[in-house]
Amino acid sequence: MKLARFPLWPSRTPADPARSDEHDRARVIAAHGVDAVEDDPELTRIVEFAAQLCEVPVSVVTVVEEQRQRFLARTGIDVRETPRPTSFCGHAMVEHAPMVVPDATQDPRFADNPLVTGEMGIRFYAGAPLISSEGTPLGALCVIDFEPRPEGLTAFQTEGLSVLAEAVMRRLTFERQARAADAHLSRSEQRVRQLAEHLPVYAWAADAAGKIDYANQPFLEFCGTSDLAAIDFAALVHPDNLAEVTEARRVSRETASRWEARAQVMRHDGIYRWMILRAWPVTMGDEPPEAWFGAAVDIDDLHRLSDSRDLLARELSHRIKNIFAVVSGLVAVRSRAWPEAKEFADELQSTIRALGRAHDYVRPFEGRKGSSLHGLLEDLLEPYRDAQGGKVAVNGDDCTIGEKAATPLALIFHELATNSAKYGALGDGAGSVSINIASNGDVITADWLENGLSPGEGESAAEGFGSRLLRMAVEGQLGGKFERRFEDDALHVTLTLSRAAVEAGD
């Protein structure tokens, strides 16, 4: 909501007749907060100066209501209000300039007025209108004498009275603006509080020292209290998580930055719930934080579900690894009856073992090297190293591999290693293989280089099933390109892979 602005009504312009309805006037008068400015020091100085300027004993700032006129500031008179029917200012407030009555006994509008005929005995009156920003007549700044003044006011006094009336309106408008700002702020705070009450989080606010001075209803219900002073944030955090949360809060206060932590928080019944805790400072420019806002999101159900899924995944992983072992064992047993199939059986067993190692990277658990390309290559190529750890070298950048990419990557490099062992450098005691990984933006390049080949060695497999398998895996599953070329005594295979495909998860 945009904050309203209240410019002064143009001088020498009469009030808007359409804004003279008493109900409308009452609303506008109330908006100026006249109760707050009664006997206001600034208004009092204005009426005292007006009396001196016009050389009269009495000066008053009036607000004309439906049944009375109130004196917000006055000098030379004790009464605080008079009935509306006797009001001189009720006439002055609709004029475009100060209304001057040289002798009230001679003015048909006031000759029978009790303020003229009675004890007060008003004779001379001059009043400058007070008009609101929207043109509503409010009252007047007036000066009064008990002696007639046929000459009225001088031009200087008339102009001065108008200027002082504008000063009165500036003071009243300032009060109105302040009240509007307070109302706007109050509505904003109310909306924020209503929002906080209905958010599916536990929300709180704290002062600069960290003392909680607001908590939404869900947080109070979680703590089992409506007494903010009884909420000790540190006491709610599980001892296992307290050090982490305390350190996060300390750094946050030193740097005036937000903090976040995962912790178990104790409910009023003593049960701990996993939550994500966040807090951020309320700052103005370079000033230290004057307050802190915080929120806690209950993730306990998700945390327990994640633990259950991890437990299930571990069990499935264990069973799958057992299946790989069983299948490998069956192949070994059955191949004994078929000596002519031994080479095929050995290769099949090698592939099954490679899939088993790849499976460790689909679900990496404790004890593994982690879900990295270097780790996967080291595991897959370990059987091809000689006793001194030579022949195979993995160099260059490392990168994370996702669950979707682990199996095709394992099959690709297993196929390259198998071909090399059968037809290439790994089958020759003098040969060697180096793999160089380069990470460049959205692309990951893996260069497989076999050195020490005899002329023509390895070319027989150039267009075989293995090459088609490699190309299908690289282009179909990893969004890349597969290139192979022979250079004298070397085989050079370049895999250009999409980083997004390599790092893709479930």
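Helices are DSSP runs of H or I with at least four residues, strands are runs of E with at least two, and both are numbered from the N terminus.

I noted the contact residues: Leu373, Leu376, Leu377, Leu380 and Leu381 on α11, against Ala406, Leu409, Ala410, Phe413 and Ala417 on α12. Contact means heavy atoms within 4.5 Å.

I then took the geometry: the axes of α11 (residues 373–381) and α12 (residues 403–423) come within 10 Å and cross at roughly 40°. That makes α11 oblique to α12. Angles under 35 degrees count as roughly parallel, over 145 as roughly antiparallel, 65 to 115 as roughly perpendicular and the rest as oblique. The axes are lines fitted to C-alpha atoms over the stretch in contact, with angles from 0 to 180 degrees between N-to-C directions.

I recorded the model as predicted: local features need pLDDT of at least 70, side-chain atom pairs count only at pLDDT 80 or more, and totals for chains, interfaces and linings use all residues. Residues are numbered from 1 along each chain as its sequence is written, and side-chain values use heavy atoms, with hydrogens and water left out.

I checked cover on α11: eight of its nine residues are buried, including His374, Gly375 and Asp379. Buried means under 20% relative accessible area, exposed over 50%, partly exposed in between (1.4 Å probe, protein chains only).

I looked at Gln67 in the loop between β1 (58–64) and β2 (68–75). Gln67 is exposed at 61% relative accessible area. Not counting residues up to four places away in sequence, Gln67 touches Pro83 and Arg84.

I listed two non-glycine residues with positive phi. Glu55 has phi near 55°, sits in the loop between α2 (41–54) and β1, and is exposed at 62%. Ala256 has phi of about 55°, sits in the loop between α8 (239–255) and β9 (259–266), and is partly exposed at 34%.

For the whole protein I have 14 helices and 16 strands, with 43% of the 506 residues buried.
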